[in-house]
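Open the model in your viewer and keep the selection panel at hand. This tour says what to select next and what is there.

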Amino acid sequence: MEGKRDWRRELPERGMHGIFLACGLAAVVFVVGITLYLVLAGLPAVLEIGLWDFLAGARWASTAREPSYGILPFLLTSVYGTLGALVLGLPVGVLTALCLSKMAAPRVAAGVRTAVELLAGIPSVVYGLVGMTLLVPVLREWFDLPSGATLLAAILVLAVMILPSVISVSTTALRGVPAEYEAASLALGATETETWLRVSLPAAGSGIAAAVVLGVGRAMGEAMAIMMVAGNVANLPGLFKSVRFLTTAIASEMAYAPVGSLQRNALYSIALVLFLFILLIDLLLHVLLKGKRRL
Amino acid sequence: MKGVCVAAMLLCLTACGTRPEADEQTARVMTGGSTSMELLMNVLAESYARDTGGAVVTYEPTGSGAGVDGAASGTVDIGLSSRYLKEEEKGRVVETVVALDGLAIIVHGENPVTGLTLEELTAVARGEITCWSELGGPEEALAFIGREGGSGTRTAFEEAVDSVDRCFYHQELTSTGAVVAAVASNPGAVGYASLPSLNEEVRGVAVDGVDCTEETVRSGAYPIQRPFLFLTPRGGEMGEEAAAFFEYATSGEQKGLYTLAGVVAAFG
């Protein structure tokens, strides 16, 4: 009798455990599968073009009669675009986080937090659409350009897009700063502003670094919004030039690249480069978060 | 227990994944060639399948050159090409022009320039003209907007203005709609788009004095256009199914499908 009841309880329990495990393994299978596929699909073109010519070649003309497959313009554009978005988005994001976690009255904070959450929920194609119809014509007017679809437009859109992740991660980090640190600083005569900037921020340093890395990952991986505002010409980057990012290079040519052609394989290679970039950033994030736990 | 669970899940997945194999009995017409004709062939194939109750027309986007070879060697029933045959190819296959793909040159609605010559257009495409004042327009910076590499529309335009791989773009967009939208929002923009995608937001300009309309494209007066060809082997008979599809695709009743695919039907 006793044994039977145990069996009845254990069977569904075991079954559920099996399902949980299967779901957990699914994520692993997908990551491993995608990695393997990208490496297998991305290597042939790199080998055919040559690693140096591929990474450091300044001319991309995949469909020209004498094709050229250099992705330096895309690499530099992705790096510049991401850095630009950070330069603009990070100060705003971190100061918003300070406001939310330290300064704002609860009601104000709740309002701002809702706004930030909504910002995070806006699909990237909507960012692109707004950028394309509002931002691009305005930039064209202001800077007297032939076309406003430039690296600058992409940077501005990306800066807004990374705000939510920067804000939410920095807010969490700033909330985690022990109250004693701040109390001690205030007791020693420092003003609130001095305390927040000199004590709270450095104490939350590793968490804010994590926010930076998360923002970089987001900016690096964005394709849709950028495709609509950056012009997509494979130029070496310049603030007022039409540029193509790693992501948009893949997206804009995939449709017409014949299966099995060097062009299509080279697009896979770009995907591999992008993947390695993001992987590197994730590793960095991992290291930073570990450092935070030790604090 | 774990094993049973996993097995049950796998069974579930396989059950969902099974698809009825295509019926080998159904008539099959194989076409292949020009990548630019993909939209047209999809539209034709879909409509043909509906009207005949499931006849299958396959399409391989292999390029116009491969379309000629395929038709000549019989690996496809109907070869597809988006350029006229070269002299040496004419002995091997017979060409039938089914459609003409006219590219309108579009500018912003407020742009006062109403016409360009082919030479001016070439200079614009190559980035040699940077201001509309050089073309009799206002002091407005000129932005040349086109399609991404690999697009058949881009190839057609660059060939028409003799600037293949020499064009200087301000924006390379991935669809005709995006080009139209970009031109509509930029007073200094000039771009190209297939004729049926024109709308009231942008204005087409005449090239060498000829407006881009269905009539001028069909008569050949409008210079920026290319043909879509069906190719059949010279001296060989088409199979029954292929001939039926050929007839269907070139009958006057299907003109609407060509418009839907963004081209001008060359017949009727």
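Predicted model: local features only at pLDDT ≥ 70, side-chain atom pairs only at ≥ 80, totals over all residues.

Residues are numbered from 1 along each chain as its sequence is written, chains are lettered from A and ligands numbered from 1 in the order in which they are written, and side-chain values use heavy atoms, with hydrogens and water left out.

**Stop 1: chain A as a whole**

Select chain A. Colour by secondary structure: chain A has 12 helices and 2 strands. Helices (H or I, at least four residues) and strands (E, at least two) are DSSP runs, numbered from the N terminus. From the N terminus, the order in chain A is α-α-β-β-α-α-α-α-α-α-α-α-α-α. The radius of gyration of chain A is 24 Å, well over the 19 Å that the globule rule gives for 295 residues, so chain A is more spread out than a compact globule. That radius is taken over C-alpha atoms, and the rule is 2.2 Å times the number of residues to the power 0.38.

Now colour by burial. Buried means under 20% relative accessible area, exposed over 50%, and partly exposed in between (1.4 Å probe, protein chains only). Of the 295 residues in chain A, 44% are buried.

**Stop 2: the A–B interface**

Show both chains. In chain A, 25 residues are in contact with 27 residues of chain B; contact means heavy atoms within 4.5 Å. The two chains bury about 2200 Å² between them, with 59% of it on carbon and sulfur atoms. Buried area is the accessible area (1.4 Å probe) that two parts lose on being put together, summed over both. Which residues of chain A lose the most area to chain B? Pick A:Arg140, A:Pro146 and A:Tyr256: together they give 27% of what that side buries.

**Stop 3: a loop in chain A**

Go to A:Asn232, in the loop between α10 (224–229) and α11 (246–254) of chain A. Its phi is positive, about 65°, although A:Asn232 is not a glycine. Buried or exposed? A:Asn232 is buried, at 1% relative accessibility.

**Stop 4: two loops in chain B**

Select B:Asp208, in the loop between β9 (202–207) and α7 (214–219) of chain B. B:Asp208 also has a positive phi without being a glycine, near 55°. B:Asp208 is partly exposed, at 43% relative accessibility.

Next, select B:Ser34, in the loop between β1 (28–33) and α2 (38–52) of chain B. B:Ser34 is buried, with a relative accessible area of 1%. Beyond its neighbours within four places in sequence, B:Ser34 contacts B:Tyr59, B:Gly63, B:Ser64, B:Leu80, B:Ser81 and B:Ser82.

**Stop 5: helix α6 and strand β4 of chain B**

Show α6 (residues 176–184) of chain B, where B:Thr176, B:Val179, B:Val180, B:Ala182, B:Val183 and B:Ala184 are buried. Their cover includes β4 (93–108), β6 (143–147), β7 (171–173), β8 (189–194) and β9 of chain B.

Finish on B:Val94, in strand β4 of chain B. B:Val94 is partly exposed, at 31% relative accessibility. Leaving out residues up to four places away in sequence, B:Val94 touches B:Phe230, B:Leu231, B:Thr232, B:Pro233 and B:Arg234.
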